[in-house]
Amino acid sequence: MSKPLKIGITGNIGSGKSILSTIFRTIGIPVYDCDTEAKRLMQKDVRTRSKMMETFGEECYTPAGELDRRHLASIIFNDTSALQKINSIVHPRVREDFEEWSKKQSSAIVAVESAILFECGLHDSVDIAVVVYADRETCIARACRRNNATRHEVEQRLNEQIAAESLITRSDYAICNNPNTPLLPQITTMLGKIAHK
């Protein structure tokens, strides 16, 4: 069986990455969600768990075997390099898991959704990078509503992320998800171009 074409979906908080993922799934393109799978790997993957315990001690899991997020958050708060250490454990494992998952799919196209597609090196594992973007105010309003977060919290997150303009420059396709811009014609055009490559 030939390898599927891999599409990477990225974008800032509130841009609407998950809407594109939902549309892809609806039309039969399987999507690997990095956030969900990273949590699963930290919770259930033996290799990831043992590396986490090696690095942060057994206390990062509860006696019941659950990942202790509050304990991890306190470690990150007190040690600026801790998040980097977690990422160096989890990101390579997510990339590997995505590759394994891709091989099991029967679709000609598969996709992966990641807010940090470029930062974690996952763009090297895909054939095409697609950024979903919206204007800053729209992103803030959506993220505040969805995450029940304050404007300040969302702005902080946005400021930590790669600017949308830079993501657009680095991606192969850009999908505008502003309130009055129809999404489906853009997606249809993009998939048409990909099909003829």
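Helices are DSSP runs of at least four residues, numbered from the N terminus. In this predicted model, the largest share of the lining of the largest pocket comes from helix 5, which supplies seven residues. The volume of this pocket is about 1400 Å³. Its lining comprises 37 residues, of which Asp-35, Asn-87, His-91, Ile-116 and Arg-157 are the closest to the pocket centre. Two or more lining residues are given by each of helix 1 (17–26), helix 2 (34–44), helix 4 (69–78), helix 5 (82–104) and helix 7 (151–160). By class, 16 of the lining residues are nonpolar, 10 are polar and 11 are charged.

The second largest pocket holds about 170 Å³ of space. Among the residues that line it are Asn-12, Tyr-133, Arg-136, Cys-139 and Glu-165. Strand 4 (128–133), helix 6 (136–147) and helix 8 (164–170) are the elements that contribute two or more residues to this lining. Seven of its lining residues are nonpolar, two are polar and three are charged.

The largest nonpolar core contains 30 residues, and the members touching the most others are Tyr-32, Met-42, Met-52, Phe-56, Leu-72 and Val-112. At least two core residues come from each of helix 2, helix 3 (46–56), helix 4, helix 5, strand 3 (109–113) and strand 4. Helix 5 gives the most to this core, again with seven residues. A separate, second core has 18 residues, including Leu-20, Ile-23, Ile-128 and Val-130.

Beyond neighbours within four places in sequence, Val-112 is in contact with Ile-7, Gly-8, Ile-9, Tyr-32, Cys-34, Phe-98, Leu-117, Leu-122 and Val-126.

Methods
Residues numbered from 1 in each chain as written. Predicted model: local features only at pLDDT ≥ 70, side-chain atom pairs only at ≥ 80, totals over all residues. Heavy atoms only, no water. 1 Å grid on protein atoms, 1.4 Å probe; cavity = no way out; pocket = protein on both sides within 12 Å on 5 of 7 lines; lining within 4 Å. Points joined across faces, edges and corners; volume = space filled by probe spheres on them. Nonpolar A, V, L, I, M, F, W, Y, C, P; charged D, E, K, R; others polar. Core = buried A, V, L, I, M, F, W, Y, C linked by side-chain atoms within 4.5 Å. Buried < 20%, exposed > 50% of the residue type's maximum accessible area, 1.4 Å probe, protein only. Contact = heavy atoms within 4.5 Å.
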